Amino acid sequence: MKLSSIGYLFKEGVKNIWNNRMMSLASVIVLVSCLVITGAAALISVNMSTLISKVGDDNQITVYLKRDLSDLDSVKLGSSFSRIKNIDSYRFHSRNDVLKEYQKTLGDNIYESMQGKGNPFGNEYKLRLKDLSAYNDTVEAIIKIEGVEKVSDRSDIAGKLTKLNYFVTLVGSWVVLILAIVTLFIISNTIKMTMYSRRFEISIMKSVGATNAFVRIPFIIEAMLIGLLSGLLASGAILAMYNPIRSAASGIIGMISGSTLTLEEIWLPTLLIMSGIGVLIGLVGSFISISRYLNKEGGSILGK
């Protein structure tokens with residue numbers, strides 16, 4: 001096909017979008033909604049899997065000491081951990097160190113007010129285990145040590161994250177499926193209305209020898225452009241919300257920030273995948289619409 005013909009067909013596709021801009025806008029809005037939910041569900045699932053893997057691979061637990069335990073006694077307590085066989089190493093974190101870890105989350109004003117006697121945290125120990133399979137026995141031994149208040153249960157966190165990941169995937173899949181069907185319906189009707197409004201022009205084109213493919217291509221291009229625009233808008237929305245949501249999640253789960261994908265890692269795949277899905281949905285929708293129109297209503301117009 002000559003470049004002049006390709007340019008003409010592309011121009012006709014853009015013209016179709018403008019002539020039916022209200023239906024095209026409706027298609028874009030629904031498709032963007034679908035892609036945002038799809039992308040969000042996918043990113044949550046990927047990050048959850050990464051976080052779960054991090055929890056499993058990092059044989060580290062936190063031991064929270066009683067708040068009334070002095071700093072000197074807290075430091076002396078370290079020798080008790082060295083006598084537990086499954087503990088590979090341990091590191092002391094003072095209550096001031098713990099408070100500093102939450103400085104960004106709390107804000108400078110609240111952070112300064114909590115220093116000294118206003119510090120609500122106790123001293124902690126970060127322990128690295130040799131074997132996670134002996135987790136329960138190790139925790140039982142740690143709890144028996146005088147001055148220990150509680151131990152972080154990382155296996156429980158992994159279980160909760162797994163359940164949340166399953167829930168997000170399940171709900172997201174159903175919502176995406178429903179929105180995809182609605183989107184296909186709207187795109188199909190958009191193309192159908194465009195073909196109907198241009199039925200006389202199409203008839204003239206057929207009378208001077210235009211092939212069926214030549215007549216159909218502008219409508220396919222129209223749907224693909226709608227899908228591409230929707231994919232770009234959805235990508236922009238997802239990427240704009242990613243860091244704020246990631247930061248908020250870090251305040252809830254302290255270890256999440258270092259265990260999830262950064263914006264730099266996801267922006268290009270998100271842009272390519274969302275745009276590709278948008279174009280694909282537009283392509284499928286246009287084929288459905290054109291085929292139904294040709295078989296039922298527009299056969300005589302296109303010479304079939």
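I shall speak about a surface patch, then charged pairs, then aromatic rings.

This is a predicted model, in which local features need pLDDT of at least 70 and side-chain atom pairs count only at pLDDT 80 or more, while totals for chains, interfaces and linings use all residues. Residues are numbered from 1 along each chain as its sequence is written, and side-chain values use heavy atoms, with hydrogens and water left out.

I begin with the surface. A nonpolar patch is formed there by Ile37, Tyr166, Phe167, Leu170, Val171, Trp174, Val175, Leu177 and Ile181, with about 880 Å² of accessible area together. Such patches take residues with over 30% relative accessible area and no salt bridge, joining nonpolar side chains (Val, Leu, Ile, Met, Phe, Trp, Tyr) within 5 Å and like charges within 9 Å. The areas come from the Shrake-Rupley method with a 1.4 Å probe, and for residues only the protein chains shown count as cover. Helix α9 (residues 154–197) contributes the largest share of the patch, 8 residues; helices here are DSSP runs (H or I) of at least four residues, numbered from the N terminus. Tyr166 lies in helix α9, and it counts as exposed because its relative accessibility is 58%. The classes are buried under 20%, exposed over 50% and partly exposed in between.

I turn to the charges. How many salt bridges does the structure hold? There are 2, a salt bridge being a side-chain nitrogen of Lys or Arg within 4 Å of a carboxyl oxygen of Asp or Glu. In one of them, Arg95 pairs with Asp71, with the closest N and O atoms 3.6 Å apart. This pair links distant parts of the chain, 24 residues apart: Arg95 is in helix α5 (residues 95–101) and Asp71 in helix α3 (residues 71–76). Arg95 is buried at 16% relative accessibility, whereas Asp71 is partly exposed at 44%. Lys126 and Glu124 also form a salt bridge, at 3.9 Å from N to O, and both residues are buried.

Finally, the rings. The whole structure contains 4 aromatic pairs, counted for rings of Phe, Tyr and Trp (its six-membered ring) with centres within 6.5 Å. Phe81 and Tyr90 have ring centres 6.2 Å apart and planes at 55 degrees, so this pair is tilted; planes under 30 degrees apart would be stacked, and over 60 edge-to-face. Phe81 is buried at 0% relative accessibility, while Tyr90 is partly exposed at 38%. Ring pairs join Phe81, Tyr90, Phe92 and Tyr125 into a cluster.

Key:
Helix = DSSP H or I, 4+ residues; strand = E, 2+ residues; numbered from the N terminus. Buried < 20%, exposed > 50% of the residue type's maximum accessible area, 1.4 Å probe, protein only.
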